[in-house]
Amino acid sequence: MSEESKQVLRSAQCARIIVCISDMFGVSLADATDIYYNSETANLIEEGVADLHCRSDKYLAEEVWSEYQAKSELAKNS
């Protein structure tokens, strides 16, 4: 598979995860996009760490949301 094909697949997966975040947690697509792209999980997916790209979109959306919630809690307590 070419690098271009891999990038297309990663981009499509990112879009699906963002839609899942929006649908599952009732946030706008714009907010879901910000949450996703500001997550460490997104970086790990892009880097191919631990084969995260092989996980389901729903699972990854839940991981990103959990990370977001944890960061929000830390910010409140700081």
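Okay, let's start with a term: a salt bridge here is a side-chain nitrogen of Lys or Arg within 4 Å of a carboxyl oxygen of Asp or Glu. Before I use it, some ground rules. What we have is a predicted model, where local features need pLDDT of at least 70 and side-chain atom pairs count only at pLDDT 80 or more, while totals for chains, interfaces and linings use all residues. Residues are numbered from 1 along each chain as its sequence is written, and side-chain values use heavy atoms, with hydrogens and water left out.

So, salt bridges. By that rule the count comes to 5. One of them joins the side chains of Glu-3 and Lys-6, at 3.5 Å from N to O. Both residues sit in helix α1, 3 residues apart, or about one turn of the helix. When I say helix, I mean a DSSP run of H or I with at least four residues, numbered from the N terminus. And here's the general point: an α-helix has 3.6 residues a turn, so residues three or four places apart point the same way.

How open are these two? Glu-3 is exposed, with a relative accessible area of 53%, and Lys-6 is partly exposed at 33%. The cut-offs are under 20% relative accessible area for buried, over 50% for exposed, and partly exposed in between, using a 1.4 Å probe and protein chains only.

Next, Arg-10 and Glu-46, whose side chains also meet in a salt bridge, 3.5 Å from N to O. Arg-10 is in helix α1 and Glu-46 in helix α3, so this pair ties together parts that are 36 residues apart in sequence.

Then there's Glu-67 with Lys-71, where the closest N and O atoms are 3.4 Å apart. Both are in helix α4, 4 residues apart. Glu-67 counts as buried at 16% relative accessibility, whereas Lys-71 counts as partly exposed at 42%.

Which residue touches both of those? Ser-39 does: leaving out residues up to four places away in sequence, Ser-39 touches Val-64, Glu-67 and Lys-71. Contact here means heavy atoms within 4.5 Å. You'll find Ser-39 in the loop between α2 and α3, and at 4% relative accessibility it counts as buried.

On to the inside. The largest nonpolar core has 15 residues, and those with the most contacts inside it are Ile-17, Ile-21, Tyr-36 and Ile-45. A nonpolar core is a set of buried Ala, Val, Leu, Ile, Met, Phe, Trp, Tyr and Cys residues joined through side-chain atoms within 4.5 Å. Which elements give two or more residues to this core? Those are α1 (3–25), α2 (29–37), α3 (40–47) and α4 (57–77).

Take α2. Its buried residues are Ala-32, Ile-35 and Tyr-36. They cover an arc of only 95° around the axis, which puts them on the same side of α2; that arc is taken from the directions from the helix axis to the C-beta atoms. These buried residues pack against α1, α3 and α4.

Last, aromatics. A search of the whole structure finds 3 aromatic pairs. Rings of Phe, Tyr and Trp (its six-membered ring) pair if their centres lie within 6.5 Å, with planes under 30 degrees apart called stacked, over 60 edge-to-face and the rest tilted. Phe-25 and Trp-65 are stacked, 4.4 Å centre to centre with 5° between the planes. That pair links distant parts of the chain, Phe-25 in helix α1 and Trp-65 in helix α4, 40 residues apart.
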